[in-house]
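Dear colleague,

Please find below the structure that I am handing over to you. My notes on what was found in it follow directly after.

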Amino acid sequence: MKAPSFTLVQLRYFAAAAELGSMTAAARELVVSQSAVSTAVAQLEKELGVQLLLRHHARGLALTPAGRAFYAKLREFLAHSQELADTAANAGRELVGTLVVGCFDTLAPFWLPHLVTRYAEHHPEVSVEVLEAEHAVLKQSLRSGQCEIALMYSYDLDEDFQAVRVGSAPPYVLLPPGHLLANRTGIHLAELADDPVVMLDLPHTSGYFHSLFREVGVEPRVRHRTAGYETVRSMVAAGLGYAVLNQRPAHDHTYGGGTVVAVALADDLPALDVVAVRMRQARPTRKAEAFGQVCREVGELLSGRSLRESDAGHR
């Protein structure tokens, strides 16, 4: 059977049209004529013997089922083709090019500064672009090829993802300074059963927190819900309740000017694993593999810092 004979240019033009949903937008992005994009896509479809795009006069372009499957594989191929070109042009030099990584919203302030700084130290010729988003958006971005690797929590990951544990985030209690238990070194959740809760209400995150309460037989009295991590801390500082969180800032001040007290949980409750995630069937680029290694290094750094802070809190 004769192998299809298509060009890299045709593949790039099709990828741009598929991503932007418009021949006109793709032409503008590629700085070529619209007819050049249309012709390249038509030739690619003819060579493959399958329709990849549906043309709608008023609504632009839509991928066919075959087009979606082809585009998913193509994103990986184009990433590697760029890496191949970079390798040839920079033989013997460091990694070069652009790497798009994802990061879960509440992890970003704690992990990203370390990750980006350390990666730049090792690979100064690579430009790291970051997509900060919640869990579902990151999964979709990995599947679509918008990002190649993402730092996330380990919950709700399907079989098509490969996750490597790089850190752990144990739960703790956040109290206002005047709380009767604020001077304790450890608290059981049952001791706070009658207190109101300020709940960090993100998809899956609140489910995890509710599972902690169920494990110790406590029904939380949720007074306020918010998707803002710093909003939770400010509301606790204002005396509106206590909170259970995982990521712990280096200081106890809030955006609103108040203060909070972090106290370890005496209950034996599961921590959230922090994982570096990529698509299982996709061969990672060298840039992505290097980023995964940096994630592991930073995870060890943050774990050591967390242990030191915990020891200090118990002295």
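Predicted model: local features only at pLDDT ≥ 70, side-chain atom pairs only at ≥ 80, totals over all residues.

Which residues in α8 are buried? They are Tyr229, Val232, Arg233, Met235 and Val236, where buried means under 20% relative accessible area, exposed means over 50%, and partly exposed lies in between (1.4 Å probe, protein chains only). Seen down the axis of α8, these buried residues fall within an arc of 165 degrees, so they line one face of the helix; the arc is that of the directions from the helix axis to the C-beta atoms.

Residues are numbered from 1 along each chain as its sequence is written, and side-chain values use heavy atoms, with hydrogens and water left out. Helices (H or I, at least four residues) and strands (E, at least two) are DSSP runs, numbered from the N terminus.

Helix α8

The buried residues of α8 pack against α5, β7, β9, β10 (221-226) and β11 (243-245), contact meaning heavy atoms within 4.5 Å. Helix α8 covers residues 229-237 and contains both Glu230 and Arg233, which are three residues apart, about one turn of the helix. Glu230 and Arg233 form a salt bridge, with the closest N and O atoms 3.2 Å apart; the term denotes a side-chain nitrogen of Lys or Arg within 4 Å of a carboxyl oxygen of Asp or Glu. Arg233 has a relative accessibility of 2% and therefore counts as buried. Just after α8, Gly239 takes a positive phi of about 85 degrees.

The five-stranded sheet

An open sheet is formed by five strands in the order β4-β3-β5-β13-β6, with mixed pairing. Two strands are taken to pair if DSSP finds at least two bridges between them. The edges are held by β4 (126-133) and β6 (161-169), each of which has a single partner strand, so one side of each is left without a neighbour in the sheet. From one strand to the next, the twist averages 20 degrees. Axes here are lines fitted to C-alpha atoms, for helices over the stretch in contact, and angles run from 0 to 180 degrees between N-to-C directions.

Strands β6 and β13 (residues 272-279) run antiparallel and are joined by eight bridges. Within this pairing, Gln162 has Arg278 in β13 as its bridge partner. Two helices pack on the sheet. Helix α5 (residues 108-122) touches β3 (97-104), β4, β5 (149-153), β6 and β13, and its direction makes about 170 degrees with that of β4. Helix α6 (residues 135-144) also touches β3, β4, β5, β6 and β13, and its direction makes about 155 degrees with that of β5.

Pairings of β12

Strand β12 (residues 261-265) pairs with β7 (residues 172-175) in the antiparallel sense over four bridges. Here Leu175 has Val261 as its bridge partner in β12. Strand β12 also pairs with β8 (residues 186-187), in the parallel sense and over two bridges; Gly186 stands opposite Ala264 in β12.

Salt bridges

How many salt bridges does the structure hold? The total is nine. One of them joins the side chains of Lys139 and Asp158 at 3.4 Å, N to O. Lys139 lies in helix α6 and Asp158 in the loop between β5 and β6, so the pair ties together parts that are 19 residues apart in sequence. Lys139 counts as buried at 9% relative accessibility, whereas Asp158 is partly exposed at 34%.

Arg165 and Asp273 form another salt bridge, their closest N and O atoms being 3.0 Å apart. Since Arg165 lies in strand β6 and Asp273 in strand β13, the pair ties together parts that are 108 residues apart in sequence. Arg165 is exposed, with a relative accessible area of 51%, and Asp273 is partly exposed at 27%.

Salt bridges that share partners also join Lys139, Arg143, Asp156, Asp158 and Asp160 into one network.

Positive phi values

Asp156, in the loop between β5 and β6, has a phi near 55 degrees, a positive value in a residue other than glycine. His204, found in the loop between β9 (196-200) and α7 (205-215), has a positive phi near 75 degrees.

With kind regards
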